[in-house]
Amino acid sequence: MNRRDALTHAFLSDLPNYVGSQNTFLQAVEDVANDVLPVEKNDPAYAAAKVLRRLAEPDRVLSFRVTWEDDDGEVQTNRAWRVQASNVIGPYKGGLRFHPTVNEDILKFLAFEQCFKNALTGLPLGGAKGGSDFDPKGRSKREVMRFCQALMRELAPFIGPDRDVPAGDINVGTEEIGYLFGAWRKHAELFEGALTGKGLSYGGSEMRVEATGFGLIYFVECMLSERGDDIAGKRVAISGKGNVATHAALKAAERGAVVVSLSDTSGTLHVADGMSADLIQWVQAQKAAGKDIDTPPSGSGATFNAGGVPWELDVDIALPCATQNELTGDMAKMLVDNSVSLVAEGANMPLTSDAVDILRRNDITHAPGKASNAGGVAVSGLEMSQMSHRRFMSAEEVDAELKGIMQDLHGRVADEGRDGGRIDYARGANMAAYRRLADAIVAQGII
Ligand SMILES: NC(=O)C1=CN([C@@H]2O[C@H](COP(=O)(O)OP(=O)(O)OC[C@H]3O[C@@H](n4cnc5c(N)ncnc54)[C@H](O)[C@@H]3O)[C@@H](O)[C@H]2O)C=CC1
Ligand SMILES: O=C(O)CCC(=O)C(=O)O
């Protein structure tokens with residue numbers, strides 16, 4: 001082991017001493033540490049500032065109880081958190097997730113990733129993430145509204161347009177953001193952009209709903225053009241059936257790709273000849289109505305493979321768009337066996353560490369979510385500017401800005417990640433984001 005490796009090893013061995021058994025957070029920090037610590041140790045200013053050690057500790061973790069009343073008049077109690085990771089390059093920014101699996105570990109990993117992602121956008125956005133173990137499944141709209149209002153009663157004192165600007169994530173879409181914004185506005189007695197993902201009638205941006213999925217496809221198109229190739233005719237497997245998955249599917253199909261799957265935890269919807277926009281919109285409608293996707297409309301050409309995963313299918317491109325660690329080592333081997341040549345993450349950290357290693361060993365190009373799914377937060381940044389200026393862009397203008405941001409972001413990541421004839425996108429993303437954060441940390445002193 002050389003000196004550089006020894007220093008990285010020492011950092012990683014020490015991590016659990018202050019992170020404890022938060023394994024998802026550890027996974028995210030380790031991934032970054034392996035790429036950036038060798039550079040940090042050789043840069044006197046970065047090394048003296050102990051940049052990564054500081055980034056691996058959120059500025060603060062707010063933890064609170066949310067008490068609300070269900071439709072039967074019964075009192076319900078949930079746990080919620082806001083992890084404010086770093087505001088060194090802009091106000092804290094990142095989504096809110098409602099899911100029974102939410103805990104401090106998951107939110108710390110997401111907030112850490114968000115710092116790097118937001119730095120890559122080139123916009124002045126810090127990193128944060130929040131959410132609750134509240135499960136909206138089976139809850140009425142009134143219950144969801146009361147829960148959002150109760151959560152905002154606790155969160156409101158800690159957010160604001162120049163302080164911390166939450167947005168949506170899993171199970172938090174335009175409807176929930178509406179309830180959250182209404183409650184914040186009442187609390188603050190202000191009409192300001194304290195949240196993004198708002199509805200168009202009260203300060204939202206065109207294209208925020210589509211931005212993450214569309215941005216993912218713009219990024220994939222940049223990756224393909226590096227090889228002198230394009231997406232038309234490529235067979236694409238997508239996991240998930242939510243906002244990111246379905247908008248990626250719509251954009252890929254519009255660009256001439258053959259989208260063969262969407263999925264949920266119960267199985268995979270498969271169309272060998274490619275999904276039509278109508279079928280993708282059916283999936284969106286089913287999800288919005290809280291219904292399953294296992295009985296596709298007749299004539300759509302779709303079958304549902306209960307228990308199956310999209311990675312079993314014969315495709316060129318794989319886009320995991322559901323949730324963290326959904327694509328395991330065994331599934332990565334399926335991608336290798338099926339000669340997949342490109343994997344780009346729509347979800348945040350959807351690949352386990354061994355899946356990443358398998359792709360790397362088999363020379364499969366892999367873009368991490370902090371680069372390829374940054375389109376959503378980038379349009380959130382545009383929503384913040386539009387709200388401040390009181391001047392709103394058309395859908396065409398926002399889409400053109402989004403495309404430009406994803407192309408610039410791809411260029412920055414590719415430049416850092418170029419290694420002979422190939423591009424290491426994971427390293428490129430970690431390094432490009434780290435440099436921006438590190439320069440700001442060094443410039444602002446020991447604080
Ligand atoms: N909405 C956004 O703008 C952004 C979302 N992301 C990430 O994209 C991923 C999907 O988020 P959205 O589409 O917004 O959420 P959504 O609420 O619209 O859809 C959630 C999706 O996750 C799946 N899912 C949830 N928990 C799961 C589990 N334990 N196992 C398997 N599948 C599960 C659901 O089937 C569904 O496909 C998440 O990782 C999120 O953090 C990343 C960047 C921005
Ligand atoms: O739009 C935002 O502020 C956050 C989006 C988000 O949560 C993410 O990029 O993972």
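View 1. Strands β1 and β2 run antiparallel and are joined by 10 bridges. Two strands count as paired if DSSP finds at least two bridges between them. Helices (H or I, at least four residues) and strands (E, at least two) are DSSP runs, numbered from the N terminus. The model is predicted: local features need pLDDT of at least 70, side-chain atom pairs count only at pLDDT 80 or more, and totals for chains, interfaces and linings use all residues. Residues are numbered from 1 along each chain as its sequence is written, while chains are lettered from A and ligands numbered from 1 in the order in which they are written. Which residue of β2 is the bridge partner of tryptophan 68? Glutamine 76 is. Five residues lie between the two strands of the hairpin. In the turn, glycine 73 has a positive phi of about 80°.

**View 2. The five-stranded sheet.** This open sheet has the strand order β1-β2-β4-β3-β5, with mixed pairing. Strands of a sheet pair through backbone hydrogen bonds, either parallel or antiparallel. β1 (60-69) and β5 (164-167) stand at the edges; each has a single partner strand, so one side of each is left without a neighbour in the sheet. On average, neighbouring strands are turned by 20° against each other, direction ignored. Axes here are lines fitted to C-alpha atoms, for helices over the stretch in contact, and angles run from 0 to 180 degrees between N-to-C directions. β3 (residues 92-98) pairs with β5 in the parallel sense over four bridges. Glycine 95 has alanine 167 of β5 as its bridge partner. Helix α6 (residues 141-155) packs on the sheet and touches β1, β2 (75-86) and β4 (127-132). The direction of α6 makes about 140° with that of β1. Contact means that the C-beta atoms of two residues, placed from the backbone, lie within 7 Å.

**View 3. The seven-stranded sheet.** Seven strands make a second open sheet, in the order β9-β8-β7-β6-β10-β11-β12, and the pairing is mixed. Which strands stand at the edges? They are β9 (303-306) and β12 (365-367), each with a single partner strand, so one side of each is left without a neighbour in the sheet. From one strand to the next, the twist averages 15°. β7 (residues 258-264) and β8 (residues 267-270) pair in the antiparallel sense over four bridges. Serine 261 stands opposite histidine 270 in β8. Helix α8 (residues 208-226) lies across β10 (317-320), β11 (342-344) and β12. It runs at about 150° to β11.

**View 4. The shell around ligand 1.** There are 24 residues around ligand 1, and Gly240, Gly242, Asn243, Ala347 and Gly376 come nearest. A residue is near a molecule if its C-beta atom, placed from the backbone, lies within 6 Å of it. Helix α9 (residues 243-254) gives the largest share of this shell, three residues. By class, the shell has six nonpolar, 14 polar and four charged residues. Ala, Val, Leu, Ile, Met, Phe, Trp, Tyr, Cys and Pro count as nonpolar, Asp, Glu, Lys and Arg as charged, and the others, Gly among them, as polar. Domain 2 (60-191) and domain 3 (209-367) both give residues to the shell, so ligand 1 lies between them. These bounds come from an automatic or database domain assignment.

**View 5. The shell around ligand 2.** Among the residues that surround ligand 2 are Lys93, Gln114, Asp169, Asn348 and Ser380. Which elements each supply at least two residues of this shell? They are β3, α5 (104-120) and α14 (375-389). The shell divides into two nonpolar, seven polar and three charged residues.

**View 6. Where domain 1 meets domain 2.** The domain assignment gives domain 1 (1-54 + 423-447), domain 2 (60-191) and domain 3 (209-367). The C-alpha centres of domains 1 and 2 lie 27 Å apart. Their contact takes 17 residues from domain 1 and 13 residues from domain 2. On the domain 1 side, α2 (23-42) and α16 (425-443) are the elements that give two or more residues. α16 gives the most to that side, with eight residues. The residues on the domain 1 side divide into 10 nonpolar, six polar and one charged.

View 7. Tyrosine 46 lies in helix α3 (residues 44-49). Is this tyrosine 46 buried or exposed? Tyrosine 46 is buried, with 21 other C-beta atoms within 10 Å. The cut-off for buried is 20 or more such atoms within 10 Å, for exposed 12 or fewer, and partly exposed lies in between; C-beta atoms are placed from the backbone. Leaving aside neighbours within four places in sequence, tyrosine 46 is in contact with Glu40, Val51, Ala438 and Val442.
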